[in-house]
Amino acid sequence: MKNDLSPNNGASGQEVPAGRLEARYLAFLETIAQVRPSLHRYCARMTGSALDGEDVVQEALFQAYRKLETFDDTRRLEPWLFRIAVVERDFTPPVEPIGAALGTAVEHLVLILPPKERACVLLKDVFDYSLEEIAELVESTVGGVKAALHRGRSKLAAQPISRQPARAPIAVEDAALLRLYVERFNRRDWAGVRELIAADARLLVVDRFAGLLKESPYFGTYDRIAGTWRMAVGEVDGAAVVIIQQPGADGWIARTAVRLSVRDGRIVDVRDYWFCPWLVSAAAALHVDEDNADASS
């Protein structure tokens, strides 16, 4: 995947307003804050990537915000959001499924299943939805859900657990650019970081900003963050990313990630998931290059 540090060139088709997100939308996000991690967990398992899963969540939440007037507030909010996430995106498994790198939990195995079976098994065996709720979510019948569950569970029972996470290929020059970005970011060398970024680069700080990076207070915001943090080169579900770390009881721990896209030797898209701390815990596979982080701190 030459000249690309993300699986989809940073394009999610997401319709978000440019610039700082409006107050009403932020208020909506606060209202559904308790639902976000489970919605992301579901989308991450459906897409096979914690990063792609969050992009799907962003699309679904913005669509939900636009459709708020259609929501029946006598019903539960969570199934409504799940339904929008299912409808808004056709999930397609990766060529090489991630598999059970972290054990035999169902939610780490479901990528071997076709989308409908995958959704039914996740919603029933992981999220404990009723058959009737699942039928509504996947636009099927209770009988159809039962059949999909039977097929999916049978396939999972026969699945070997020795698969390893797929690693997205990354060009040598892009890997070097990623390391340089991390080194300069950790030194707060903002002029040096800007040298690596295209003039028309796009920035998405999830839940806060969407637009041109040069029109954002991005670097100044990191300067003002309270507490200690550092960047490190790493991988989330096989995709090369920048890992944001903070001190923990036993050393540096991963807080979240930043995904970069590169074209013609310059960074053209930055996706920062600072406000999505659930992303790391939902990843099936996480790797941090501690040597790179130590060298650049």
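The side chains of Asp-125 and Arg-153 meet in a salt bridge, with N to O at 2.6 Å, the term standing for a side-chain nitrogen of Lys or Arg within 4 Å of a carboxyl oxygen of Asp or Glu. This pair links distant parts of the chain, since Asp-125 lies in helix H5 (residues 115-126) and Arg-153 in helix H7 (residues 142-157), 28 residues apart; helices (H or I, at least four residues) and strands (E, at least two) are DSSP runs, numbered from the N terminus. Asp-125 is partly exposed, with a relative accessible area of 37%, and Arg-153 is likewise partly exposed, at 38%, where buried means under 20% relative accessible area, exposed over 50%, and partly exposed in between (1.4 Å probe, protein chains only).

The model is a predicted one, in which local features need pLDDT of at least 70 and side-chain atom pairs count only at pLDDT 80 or more, while totals for chains, interfaces and linings use all residues. Residues are numbered from 1 along each chain as its sequence is written, and side-chain values use heavy atoms, with hydrogens and water left out.

In all, the structure holds 15 salt bridges. One of them joins the side chains of Asp-55 and Arg-271, at 3.4 Å from N to O, and this pair too links distant parts of the chain, with Asp-55 in helix H3 (residues 50-66) and Arg-271 in strand E7 (residues 266-272), 216 residues apart. Both Asp-55 and Arg-271 are buried.

Arg-271 also forms a salt bridge with Asp-269, their closest N and O atoms being 3.5 Å apart, and Asp-269 is buried as well. These contacts belong to a network of salt bridges that links Asp-52, Asp-55, Arg-259, Asp-269 and Arg-271.
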